[in-house]
Amino acid sequence: MSDYDLVVRGGTVVDGSGGEPFAADVAVTAGRIAGIGRDIGRGREEVDAGGCIVTPGFVDVHTHYDGQVTWESRLAPSSTHGVTTVVMGNCGVGFAPVRRDDHDMVVRLMEGVEDIPGIVMTTGVPWNWETFPEYLDALAALRTDIDFAAQLPHNPLRVYVMGERGAQPEAPTGDELAAMRALTSEAIRKGAIGVTTTRMSGHRFRNGELVPSIETNEEELMALAAGLADAGSGVFQMIGDAHATVDAQMGLMRRLAKRSGRPLSFTLAQMTFAPEQWKDFLRGLEAANDDGLAIRGQIIPRPTGILMGLELSLHPFAFSPSFQPIANLPLAEKVKAMRDPALRARLLAEEPTDPHAFFLSMVKSTEWLFRLGDPPNYNPRMEDSIACRARAQARGELDLIYDTLLEREGREILYRPAGNCLGERFESAGADMVPHPHTIIGLGDGGAHYGMVCDGPYTSYFLTYWAQHADPARRVPLPAAIRMLTADPADAVGLGDRGRLAPGMKADLNVIDFAALRLHAPFVQYDLPAGGRRLHQKADGYRATIVSGEVTYRDGIATGALPGRLVRGARAAAAR
């Protein structure tokens, strides 16, 4: 006779509170933690955690699985790296609300901002909703490998309210502002976890036009904040205007937090054009929180960057005129064509051109390209860049980049850091940003940037790099590291029922062979709808991942269990 549904036995519990690890079994009944202790009793199913740490499931508050969740049941890569809850709908972009006539606009929006191929969305997204509550109802019918929560994105909301005018930088009328406020409040009451927007000039339609929220006035943002205040719940997420001053950005966020009375978080990174600016943001966060405003910076615990290659969306020749006839060929045919000396000469001589300013800037900044390698090196030295190697060989950098792209039969991946990468590499900022009390780790961006970014595995990177740092002075203690991946992000978005291991809490757990944890290099698979390609990345060391008491992964292999569900709204912490 079993005492529990599941017992995770013989592990070292790191419970997410930041407290010291301890040896214990963890018992689960009906999807909740029923007890933690020694010799706790028998389970109908048991997981041997000997030699492993047992942690809460990780929580990523910044993803874009809004589309992927509608066409497949696995939210990879996040779910293969210990993440058991994701929050999607960030950066003011998503798939609802949307009228039938505006499907194409939303597809173009996500293609330009999130690098999701249009054919993937038109093939995969079912569009069985119009309003945001209807979108939530459609999500509630889905069964996935991990839990997911949705946020209301500003750009689709704007077009839904304003029609064709909403796709342009035109100010809304008073009635339209009132409608945005009411629909924000309704979305939160129906289960949205928050509302989101973007002010970042790099967020553009594929034709180069700015997405509409970037140029909207403050009055419109205040309408969204007022909707949160009316609902008395939810969070506000945004990515700011990187070219505005810190005082201007912090001032806007403070006003939004005051108007909503709700927590606000924003993307925080060390910018290449303002490498010391992050320090001013941290000071601004401290001042805001001292004044009672719950404002946090969302950070990723490694250099952000673009991955480039012949199978991927970007590389230095992607926008060259002579590359266009071969751009969509199978990889082997593309490699064969590029080995033709005549084509090589043309590509090396041509200037790339594209209407999307951000994409164009990435492919033209060849000074910052590195071979990523396996295991991947996200903290390269400048002298290891392809440009520096080319100068040492008295070659042109594009010439060496061309040869490097053709290595491994065209599968070589190049890494272009785009932030958090100056000075003493990321550690110059990361040593202060990572442990700061007013930052939260996230920005995995899973479900988006399929052909240029693979940041969802940041959880594995964080544990292999920061929690095992060779310098004890910079090493993040394991209890703190687990708290940063679990309780801190869960609390930041109001999901108090998860992120800690304690009786009554949701039974989301990881069993990790910490000593064996290894992160492998990203690779390409063609497994999206319509045969679309995306980047995947694997890690060793995850003995088991458990969601709502069901084992979803064993040694990185899916069990087929799909206990993941839509999380509607904030959740109170379990009584202890």
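View 1. The model is predicted, with local features needing pLDDT of at least 70 and side-chain atom pairs counting only at pLDDT 80 or more, while totals for chains, interfaces and linings use all residues. Residues are numbered from 1 along each chain as its sequence is written, and side-chain values use heavy atoms, with hydrogens and water left out.

The lining of this second largest cavity consists of Val235, Phe236, Pro263, Leu264, Ser265, Arg296, Gln298, Ile440, Ala492 and Val493. Strand E10 (235–239), strand E11 (264–267) and strand E12 (295–299) are the elements that each give two or more residues to it (helices, H or I with at least four residues, and strands, E with at least two, are DSSP runs numbered from the N terminus). Seven of the lining residues are nonpolar, two polar and one charged (Ala, Val, Leu, Ile, Met, Phe, Trp, Tyr, Cys and Pro count as nonpolar, Asp, Glu, Lys and Arg as charged, and the others, Gly among them, as polar).

**View 2. The largest cavity.** The model has three cavities of 30 Å³ or more, and the largest cavity contains about 90 Å³ of space. It is lined by 16 residues, with Pro77, Gly447, Ala448, Val453 and Cys454 the closest to its centre. By class, the lining of the largest cavity has seven nonpolar, six polar and three charged residues.

**View 3. The largest pocket.** The volume of the largest pocket is about 1000 Å³ (a pocket is an open set of points with protein on both sides within 12 Å along at least five of seven lines). Its lining has 45 residues, and Met200, Ile239, Met271, Thr304 and Phe358 are the closest to its centre. Two or more lining residues come from each of helix H2 (103–114), E11, helix H9 (277–290), strand E13 (304–308), helix H12 (357–364) and strand E15 (414–419). H12 gives the most, with five residues. The lining of the largest pocket divides into 21 nonpolar, 18 polar and six charged residues.

**View 4. The second largest pocket.** The second largest pocket has about 840 Å³ of space. Of its 30 lining residues, Leu312, Ser313, Ala327, Asn328 and Arg533 lie nearest its centre. The lining of the second largest pocket comprises 17 nonpolar, six polar and seven charged residues.

Key
On a 1 Å grid over the protein atoms alone, a cavity is a set of points where a 1.4 Å probe fits but cannot get out, and a pocket is an open set with protein on both sides within 12 Å along at least five of seven lines; lining residues have an atom within 4 Å of a point. Grid points are joined across faces, edges and corners, and a volume is the space filled by probe spheres set on the points.
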